Amino acid sequence: MAETDIRSAEAAMIAEARKAFFVVFGLLALVWAVQLGNWSDGNSLARQFGIRPQEFDSLGKIFTAPLLHYGWDHLEANSGPLFVFAFLAAYRGVARFLALTALLAVTSGLTVWIFQNPQTETVGASGLVFGYFAYVVLRGIFDRHLIDSLIGLVMAASFAYLVFGALPSAPGGVSWLGHLGGLIGGCLGAWLLRDRRTSATAGPAAAATAPGPATSERSALLKELDDLGL
């Protein structure tokens, strides 16, 4: 791989990561700004735009509920994981991240809307958090990307306990169904949004001209070094 190609790929990766940082920071700032308005009005926004299960006029609120929280403690508990997992989900492509976010809002919100107790109202970004987590863990496997696979392994080993929050045994007051819907959405997103460039270029002609094992291994190693900026 030519030095100019490596530098170009490095610059593109850094630019995308920088864009991802500002997008995720903007998302977090929006959530905090919404909570400020919600708090100043006695949580009326949460009551107005939260998900009320099995009420059809509440169905569209699956997209507003993740921006709202009942209290500052609720928001603070979600903010750290939201920033970390969202950035890791976004740093390789902001457009893909935005599509993933919409998917997670749908899967998490619909799970709550269909299955949760009708007497409840649900808000919070934790469904997104669980979805980003699942996506980060699985993305490298579906993309066959070494660096992302290693990141996923580290995240899985460090935050495996999160899975217990998506089980019926989760503490009272926690929407384990929203968490479960987020996890399902993250797994689905890792598959649907996988990098298809390798499979799209594969075929009989490609197989006929494919390089030998040594060349393929060397190319793969150079690609990983390129992704690391080395």
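Guide: In helix 3, the buried residues are Leu-75, Asn-78, Ser-79, Leu-82, Phe-85, Ala-86, Leu-88, Ala-89 and Ala-90. Buried means under 20% relative accessible area, exposed over 50%, partly exposed in between (1.4 Å probe, protein chains only). This is a predicted model: local features need pLDDT of at least 70, side-chain atom pairs count only at pLDDT 80 or more, and totals for chains, interfaces and linings use all residues. Residues are numbered from 1 along each chain as its sequence is written, and side-chain values use heavy atoms, with hydrogens and water left out.

Visitor: Why is Gln-116 called buried?

Guide: Its relative accessibility is 13%. The limit is under 20%. Therefore Gln-116 counts as buried. Gln-116 sits in the loop between helix 4 (94-115) and helix 5 (126-143).

Visitor: What makes the Gln-116 and Thr-122 pair a polar contact?

Guide: Their side chains are joined at 2.7 Å. The definition asks for a pair of N or O atoms within 3.5 Å; within protein, one must be able to donate a hydrogen and the other to accept it, and residues adjacent in sequence count only if both atoms are side-chain atoms.

Visitor: Where is the kink in helix 3?

Guide: At Ser-79, about 30°, shortly before the proline Pro-81. The bend is the angle between axes fitted to the seven residues ending there and the seven starting there.

Visitor: Which residues touch the most other members of the largest nonpolar core?

Guide: Phe-85, Ala-89, Phe-97, Tyr-132, Phe-133, Ile-151 and Met-155, out of 34 residues. Helix 5 gives the most to this core, 9 residues. Such a core is a set of buried Ala, Val, Leu, Ile, Met, Phe, Trp, Tyr and Cys residues joined through side-chain atoms within 4.5 Å.

Conventions
Helices (H or I, at least four residues) and strands (E, at least two) are DSSP runs, numbered from the N terminus.
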